[in-house]
Structure formats: C-alpha cells, structure tokens
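These are my notebook entries on one chain. I set down what I looked up and how each term is defined.

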Amino acid sequence: MYNDKVISVFQHPKHTGEIKNHNAVGLVDNDSCGDIMKVFLKINDKDIIEDASFKTFGCAAAIASSSVAMDKIIGKSVNDALALDSQEIIDELGGLPTQKIHCSMLAKEAITAAIDDYRKRQKRLAKKASKQAQLAKNAKTDNAEAVKETPKIVEENKSQLLVKRLQKLVKKQEKTLDKILDINKRIEQIKNKK
Ligand code: FES
C-alpha cells in the first residue's frame, strides 16, 4: 500500500516527542479516523521556528507526513510554516494512497493550531507588558509629584517646629512671670509685717 519512502520515513521518523522549552502547542484530531496529533514549536522573537516536534496516535502515513512536515518548517518563519501545503509533504514522500491523503493534513493542522497558540500567548504577553509599562508610568508620575511636593512639606514641617518652639518659650516665660509675681507677693507680705 505504501511506497518505500513512506515506509522508510515511518520506520525512522525524525522530530518525535516533546522538545524542551517549546513555546507553542497545537493539538488536533482527524475527523475521519479519530487519530490525534500534537505539535510542539519553539519560536524565537523574530517569529522563526527554531525547533519542532510531534507526538501522534496515528497511522504510518500520519507519522511519515509529520516527520517530513517538521523537517520543512524548522528554520522557517511562522508565516512560511502556515503556507506549507499538504501536497508538498505528499510529494516529498513520493505520494500517498488516496485513502491516506487526509492523514498528511493532520500535521499541517496541528502546526496551524500551534502557531495560533503562539500568537495568543504573544498577545497575552504584550498585554501584560503594556500593563506593566502603564504601572511604571504611573509610579513615575506619583514620584515626580512627591518630589514636587517635598519643599512644601519641608516648609510646613519647619513652620510646625517653629510654632512648637514658640509655644515652649511662652510657657517658660509664663513660669518665670509666675515666679516673679510670687517673689513680689512675699516681699509685700514681709513689708506689711514690719
Ligand atoms: Fe488516522 Fe491516518 S488513518 S491519521
């Protein structure tokens, strides 16, 4: 049923398992047979797929197609990976039996789902970064206002200190005055006794 190339790739598939540090995952199933395909991508900040791998519960055609698909997208931009045509995979394998054509689409669909996942993650990260930038901006504004207010606050504190000192001085003078009055009173008393 399969040609030699398909059998050879199926027996020695590349890029299987889960790559470390992947930042996108796509999981799809095949409507016609119920088989499952999961693709892992590691995409750099220039949108280039640095690494890719797959795990599948699928047939020989799906495994061989996925191995070829991973080979084709590694080193490509996400847009180029999205443009990958299933026919390219089939041609690379030297053809697939008609009833197995749909199997070659599984990898392509999982790649599309993984890129969709990557873009959603990027959006979430961008949203988070913008929120943090806004918080930093607010903190800067608050800080600038605080710096602006500082001389005023220092002046207010100085005035409060001055008032306290004056109040202390007045109290001291009142005590001294009381003492003088007391002494005068005693002098008067002594005078009267004489
Ligand atoms: Fe299910 Fe091929 S029969 S993927």
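Where in helix 5 does a kink lie? I found the kink, about 35 degrees, at Thr150, shortly before the proline Pro151. The bend at a residue is the angle between axes fitted to the seven residues ending there and the seven starting there.

I note that this is a predicted model, in which local features need pLDDT of at least 70 and side-chain atom pairs count only at pLDDT 80 or more, while totals for chains, interfaces and linings use all residues. Residues are numbered from 1 along each chain as its sequence is written.

I looked up the elements next: the chain has five helices and three strands, in the order α-β-β-β-α-α-α-α. Helices (H or I, at least four residues) and strands (E, at least two) are DSSP runs, numbered from the N terminus.

I then checked the length of helix 5, residues 101-193. Its 93 residues should span 138 Å at 1.5 Å a residue, and its end C-alpha atoms are 134 Å apart, which agrees. The expected span is 1.5 Å times one less than the number of residues. The C-alpha trace of the chain spans about 145 × 25 × 25 Å along its principal axes.

Lastly, I looked up burial. A residue is buried if 20 or more other C-beta atoms, placed from the backbone, lie within 10 Å of its own. Of the 194 residues, 23% count as buried. In helix 5 the buried residues include Cys103, Leu106, Ala110, Ile111 and Tyr118. Among the elements covering the buried residues of helix 5 are strand 1 (24-29) and helix 2 (60-73); contact requires C-beta atoms, placed from the backbone, within 7 Å.

Methods
Buried ≥ 20, exposed ≤ 12 C-beta atoms within 10 Å, placed from the backbone. Contact = placed C-beta atoms within 7 Å.
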